[in-house]
Structure formats: C-alpha cells, structure tokens
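Subject: Model for you to look over

Hi,

Here is the model I promised. Please open it first, then read my notes below.

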Amino acid sequence: MMNKVNIKTISLDLLDRELKDMGLEGFRTSQVKRWLYKFDVKSFDQMTNIGKKYREQLAEKYTIGQLEIVDHQKSQDGTIKFLIQLEDEHKIEAVCIPAEDRRTLCISTQVGCGMACRFCLTGTMGIIRNLSQYEILEQVACVKRFLKEDKISNIVFMGMGEPLANTKNLYPSIAILIDSECFDLSHNHVTVSTCGIAPEIEKFSNHTTAKLAISLNATTDEVRDEIMPINKKYNLKQLIQACHNMNLPKRDRITFEYVMLHGLNDSMEDAKRLVKLLEGLRVKINLLPFNESPQMVYKRPPQEHVKKFQEYLLNKGLFAIERKSRGSDILGACGQLVTTKTDNQ
Ligand code: SF4
C-alpha cells in the first residue's frame, strides 16, 4: 500500500501542480487550499464543494495533519505561551501577545537554536532540528483552534530558532501565511527576525515580501563577539553591508532589535556608535531592556538610562521605540523561550 503524505507538508507551488495532475484545476485548487488553511478541516470529506470522486482520490493519496497544544500558561498581561507537541518526541513553543489593535503570534522555526546568543535561554538548548513547513504553520493553526476565533493579525518569527538557518521551510511557510486563499495575512504583518546571517539577509527580499528584523544588540565587534557568537562569522561591517546590499522595497525599513544589557551595550557611546553604524539605511530601532532571569548574568538598565538612550537616537532623527516586555512572568518574553529536557521527553 502507498504511504500517504500529509498534504500540509507540500508547498503551494507543488500543491497546485499535484492537484492539477489529479484533474483539479483553477478555482477547485483554490477551494482545496481554503479548506485546508482557512477552514482548517480535518478530513477530505468536509470539503463539501469538491466532487466526491476527487475527495476520494485525495484521501487515497494524502492525510491532513493537525498538531496539538499540550500545555499553555497565561500571563497577567494576557500573553499566552503554548507548548505544542510535534510528531516525534519534541515540543516547541509559540507565544500569543494580544494588544488593543492587534493579536501577534510569535512562532518558532527550529527545535532549540544553534546560535548560542548569550542573553537568550533558547540558545542554551543548542540546535536539535529544523521545523518543517507543516510544523511552522501548525503553530498558527493550533493557536487559532485554541482561541476559537480567527484573529491572529500579526506573525513574528522570533520564537525558538534562527529563521534564516531554515530558509528551505521558512519561505514556503510565509507564502502560505500571506496567500489570500490560506491564512490571508498582510505581508506587512509578517516579520522575520535574524541574529545576522549576512549572506541570507542580502537575498531576503528576493524570496519574500515579509519584513526583516535584525537582532543587533551591540555597536562594537568586541561586545557583539561576546554576546552573539554569529558575529565571529559575520562581523558588524559584513552585517551592515549586507543590509545595504538588500533589495529593500522603497517604502520598507529594516527593524533593528537592540536588547539593552546594563553596563555592556547601554552607554551613550553606544548610542553614538549606533547612529553612525546605521547611517544611510532606512531603519526602525526597537529598544528592549533585558528581561532578567535567574539563569542569566545580565542586568536590565535603569529606566532613566533607557529613556536617555532613546532620546539621543530620536534627536538624531532615528525612529526608535522602547518595546515593553510582555509575558515575562511566564517566561514568554523575548529570549525566554526554552523547552526543558522534561518537555522534550
Ligand atoms: S536570540 Fe534567536 S538566534 Fe539567538 S540563540 Fe536565541 S533564538 Fe537563537
């Protein structure tokens, strides 16, 4: 007997071709995509506007996978952290962050992460494996099922893992997120965050219209080498050059994330160097005062310090905002996602 394939593991392009080969064309292909991603059906029988003959053919060849949420924790501020079981022994986390005008879901692209940023708990896990397109997208589908409403407005790839180390599955996933027959999200509301893989940054806009955020966090190679080992491979000069080389659409800006670590990267000298470093780029800067945790040695800067740093950037004409930490009481804030050994048993 033929081994059936989970239809959600197939990229949109391939799905179009496979459905065409089965005799399903044009609007019927669109209907299948809608049933799978918009209406989130569990069986081909539920695809009521597809002829019985085709539904049977689909069921002979494919299955429709669904992953499950095995645990969740709700923060005092409404942020919810989800633990999702994969089909092997591993689990991953996704974090839903509600705000007045949006509901953002922060999703993972790898189990663990090999980038070992020193301020990040996920980095302490090491890399276990890449997530597939199906596993990336099921985080969105699972959370929508849990919330029982269709209201995820923004996606940020800032969960576990380095997205640009898994581009093979990242870009086809984004294509499905922004396809109007599928998750139907605006490309302006999908953001990919990288620690700075320069060659992939250069090519980013050739693959997707999603937005790019770079986790910068230092203004000298000395400090960046210390807190982000990727800097030893692609230093600040190479990273910034890659941003200049990007084919950035005219109205777009690159977001630079700057985790502020007291005594390490939060001096006024750093603010000055930051302005210089970003000269000539269209940028937005997110200042993120560090979320302290018992496992980490770094400290959060005093609030006046953060304000002064921000004011300097604003006075120099840079668009800089302080991002309020969300969900830190449930370890759901930026850099706090980690599945423990017990989670992964
Ligand atoms: S900050 Fe991002 S890239 Fe760095 S270790 Fe954490 S998950 Fe990986």
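Between domain 1 and domain 2 there are 4 salt bridges, a salt bridge being a side-chain nitrogen of Lys or Arg within 4 Å of a carboxyl oxygen of Asp or Glu.

A word on the source. This is a predicted model, in which local features need pLDDT of at least 70, side-chain atom pairs count only at pLDDT 80 or more, and totals for chains, interfaces and linings use all residues. Residues are numbered from 1 along each chain as its sequence is written, and side-chain values use heavy atoms, leaving out hydrogens and water.

Now the domains. An automatic or database assignment sets the bounds: domain 1 covers 5–63 and domain 2 covers 68–330. Their C-alpha centres are 33 Å apart. The contact (heavy atoms within 4.5 Å) takes 12 residues from domain 1 and 15 residues from domain 2.

The buried area between the two domains is about 1,200 Å². That is accessible area (1.4 Å probe) lost when the two parts are put together, summed over both. Carbon and sulfur atoms give 51% of it. On the domain 1 side, Leu12, Tyr37 and Lys38 supply 45% of the area buried against domain 2, more than any other three residues.

Helix α2 (residues 27–38) gives the largest share of the domain 1 side, 5 residues. Helices (H or I, at least four residues) and strands (E, at least two) are DSSP runs, numbered from the N terminus.

The salt-bridge count comes to 20 by the same rule. Take aspartate 88 and arginine 129, whose closest N and O atoms are 2.8 Å apart. Aspartate 88 sits in the loop between β4 (80–85) and β5 (91–98) and arginine 129 in strand β8 (residues 126–130), so the pair ties together parts 41 residues apart in sequence.

Best wishes
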